Amino acid sequence: MSKILKNQIFIPIAALLLLAVFNLIMDPSFFKITLGYNSAGDPVLSGYLMTILDYGSELAILAIGMTLVTAASGGQDISVGAAIAISGSVVLRVLCGRDHHAETMQAPIIVAFLISCVVAMIFGAFNGTLVAFFKIQPMVATLILFTAGRSIAAWINNNELPIVNEVRFSYFGGFIPGIPIPTPFFIAAACVIVIFLVLKFTNLGLYTQTVGINENASRLNGLNPEFIKFLAFVILGLCVAVAALIKVSRLSTINYSVIAKDIEMDAILAVALGGNALSGGKFNMTASILGAYVIQFLTTTLYKFNVPADALPAYKAVVVILLVVFSAPVVRDFISAQWKRLTKKGVTENA
Amino acid sequence: MKENAILEMKAIDKVFPGVLALQGVDFTLCAGEIHALMGENGAGKSTLIKVLTGVYSKDGGQIYLKGYDKPVIIRSPQEAQKMGISTVYQEITLCPNLSVAENMYIGRGEGVRVNWKKINEKADAILKSLDIPAKATQQLSSCSIAVQQMVAIARAVDMDCKVLILDEPTSSLDEQEVAKLFKLMRDLKERGVGIIFVTHFLDQVYEVCDKITVLRDGRLVGEYEIKDLPRVQLVSKMLGKELDDLSDISGEHKKFQAEPNTPPVFEAVGLQSDAGIKPFDFYIQKGEVNGFTGLLGSGRSECVRAIFGADRVLGGTVKKDGNAIKIAKPIDAMRNGIGYLPEDRKVDGIVGELSVRENIILALQVLKGFFKPFSRAEAARFADEYIKLLDIKTASADTPIKSLSGGNQQKVILARWLLTHPEYLILDEPTRGIDVGTKVDIQKLVLKLASEGMSITFISSETDEMLRTCSRMVVMRDRAVVGELTDDDLTQGKIMSTIAGGEKKDE
């Protein structure tokens, strides 16, 4: 039992089960999934679980990068939402060209996406440079882009709202004809596979953790801690570009001040909920990704109970406090000690 | 309780996952006694102290304190302090940027309104009565480490402590400072304070202590009067075996001396770094063990750090087999076959939360490259091989290194560098803060590696340790190399006089 408690993956799973049981008791219809047809006549699955799968995937993609940034730098990037606005804006700008209501796309989607990747990675590199080379606290460093990002996003499109009318573009945030599961899930799955391959076939995990735990030691063992931190921010930039593609594809347009608002907080929470120390060091990628889906589970549950969007953060905060307190090492040690005492007592009573 | 005893710990048990850290340990401390707690790393000294100070909760046994008729339960260090048990740790736990008086009275519930004038007077009185050379209003960081430690003791004394625990207080002090500290300890003893003294320095035990309690592998070996337990006996009790190793090792070292005219493997000319050392020349031959000696702060570590590229190199050249090589950062040195075990294991060496396995393979893995991680099986094989070779005591290769004892952590770092099979290994204070048994192991290992052709630079604060291992010693004073001693000049006296400046450089 204490072994299970000590396992990092336990926290997000326990939270998930708790939320599932809560919903099961309150209203089992939460778990209902129906097969229907959308306006184009393609089969789509719908239901709350599908919503979680759909929107949780954006978060999972961001959680990958946020986990690495947290582990390497011991801080968080709060400019993720603003960076998504920039990156999404770039995608639309490239697709629409000069005419912001273009009937046909002016460039292939892949080109638009790749350009937005480069842009997002440049902004990630900007954050990474401030943190790694200028030794600025990550939250302070990324505050710059957090403040300026949405204006930059609007400026990229001259503050106009470009609209992409092609159906193909909506596949990324919606459904591919014939496949009833939301595309973001597949995109997230691809990202997860990629990061796990990277973690398996390179030393990214070992190096990042070493730098996060003991920067001095990492340097004396031949690592370049500045570069590792820098790299983490660039990878997060790439994650941002992927999430941005999904975001703009959902609407086929962009709202500079609202798109991906507060998403950085959810991404950071996903990392925390995965039991990863926000002060950096050791991390568990699986736990972070699970954490992302749990956060979305929570959000969706709250929506279902008609919590108004404005009040959502307050409710979320309460649940998050409970989860984070429960996942704190102090509390977990206490619980496992209590458990040990209980079982010990049981044993002596039996004997 | 025994007559005159102020503290009795009876049958103390403490269990950590997979390890019985303490099994039925008894410990008795009398008033006005300095009691040494001895044992190898992992013997359970720290655990016993932590149980006593409430850092750990015990899993069995009782603690009796004078003045309490029932066994006491100590839940936190604060409670321990209230009961009169104070601890002064190896690392100073005071605030360097506050004044001496502030440090003595901080966090002691003096209320909101503080009369600093009165407190300063009180502090001065205590400092004076204990003969501590510090002023109440002086900033703590302006005092030497020894005085800072004494201030920590003064704080404990003023809190009316009956039991004072000194955990390795002397490891960063020089000889005069140690003497001052001992005087203070004797004063306190006169006042009836019971002192528990944890140290690795045998000389010091025999200088100040009255009694010795020896622990081994979490069990009590015995309690002895100091006069009944000669040094050799003590060491053999700590190690659990008869020990002639210490005398063995000293006779051997001449054998491994390099041939006189072999060219150096590594050579530094006019090397200078930003750590404030004067440019220095240095060389090492194949299979040679040499050392840097000098007082603390004389620049020993800075020299080897410059060779390894750990500090920013400002000038000079490093040559390998006669060819100039460029070492700008540690990875360059590593690629040229240099390994460096840093002085401060906690700050520069261990990667605390990572496992023993990951800590062992780290340097070799970095050398191998980002895109070529070792498979789990390979890493496990390396780790197991070195855990066995160096006799590292750990529950498993998956255990986080920070939960190992100091000596075993040091062995892991040593394993990390041995795994890279360096041509030249720099060991900066490899034996600091670790027990006698491991010290001997490390010294023997150094000689063995040298006999196999590895060049080694060995730095230690303990001169006799260096005399046993090094065939050539570079002497430093005030951040400059002031001399080099070989052969017959390698004596304690000659080294002392060179450090002190009695001898001029040969040229």
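In which helix of chain B does D203(B) lie? In this predicted model, D203(B) belongs to helix α7, which covers residues 202-208 of chain B. The residue is exposed, because 12 other C-beta atoms lie within 10 Å and a count of 12 or fewer is the cut-off for exposure. R231(B) stands 28 residues away from D203(B) along the chain. The C-alpha atoms of D203(B) and R231(B) are separated by 8.8 Å.

Chain B as a whole contains 18 helices and 19 strands. The C-alpha trace of chain B spans about 75 × 50 × 50 Å along its principal axes. Of the 507 residues in chain B, 46% are buried.

Chain A and chain B touch each other. Chain A brings 17 residues to the contact, and chain B brings 23 residues. Two helices of chain A, α8 (204-213) and α9 (215-220), each supply at least two residues of the side that touches chain B. That side of chain A divides into 6 nonpolar, 9 polar and 2 charged residues.

Helix packing within chain A comes next. Two packed helices are described by the angle between their axes and the distance between the axes. Helix α11 (residues 263-273) of chain A packs against helix α12 (residues 285-304) of chain A at an angle of about 125 degrees. Their axes are 7 Å apart. This angle makes α11(A) oblique to α12(A). The crossing of the two helices is right-handed. On the α11(A) side, the contact is made by D266(A), L269(A), A270(A), V271(A) and L273(A). On the α12(A) side, it is made by S288(A), G291(A), A292(A), V294(A) and I295(A). By class, the residues of this contact are 7 nonpolar, 2 polar and 1 charged.

Helix α12(A) also packs against helix α3 (residues 48-73) of chain A. The axes of α3(A) and α12(A) come within 7 Å and cross at roughly 140 degrees. That makes α3(A) oblique to α12(A). Here too the crossing is right-handed. From α3(A), the contact includes Y48(A), T51(A), I52(A), Y55(A) and G56(A). From α12(A), the contributors include M285(A), S288(A), I289(A), G291(A), A292(A) and I295(A). The residues of this contact divide into 13 nonpolar, 7 polar and 1 charged. S288(A), G291(A), A292(A) and I295(A) of α12(A) take part in the contact with α11(A) and in the contact with α3(A).

Another pair in chain A consists of helix α4 (residues 80-96) and helix α5 (residues 109-132). Their axes come within 8 Å and cross at roughly 150 degrees. α4(A) passes α5(A) in a right-handed crossing. From α4(A), the residues in contact are A83(A), I86(A), S87(A), V90(A), V91(A), V94(A) and L95(A). The α5(A) side includes I109(A), V111(A), A112(A), F113(A) and I115(A). This contact has 14 nonpolar and 2 polar residues, with no charged residues.

Key. Residues are numbered from 1 along each chain as its sequence is written. Chains are lettered from A and ligands numbered from 1 in the order in which they are written. This is a predicted model: local features need pLDDT of at least 70, side-chain atom pairs count only at pLDDT 80 or more; totals for chains, interfaces and linings use all residues. Axes are lines fitted to C-alpha atoms, for helices over the stretch in contact, and angles run from 0 to 180 degrees between N-to-C directions. Helices (H or I, at least four residues) and strands (E, at least two) are DSSP runs, numbered from the N terminus. Angles under 35 degrees count as roughly parallel, over 145 as roughly antiparallel, 65 to 115 as roughly perpendicular and the rest as oblique. A crossing is left-handed if the near helix is turned anticlockwise from the far one by less than a right angle, and right-handed if clockwise. Two residues are in contact if their C-beta atoms, placed from the backbone, lie within 7 Å. Ala, Val, Leu, Ile, Met, Phe, Trp, Tyr, Cys and Pro count as nonpolar, Asp, Glu, Lys and Arg as charged, and the others, Gly among them, as polar. A residue is buried if 20 or more other C-beta atoms lie within 10 Å of its own, exposed if 12 or fewer, and partly exposed in between; C-beta atoms are placed from the backbone.
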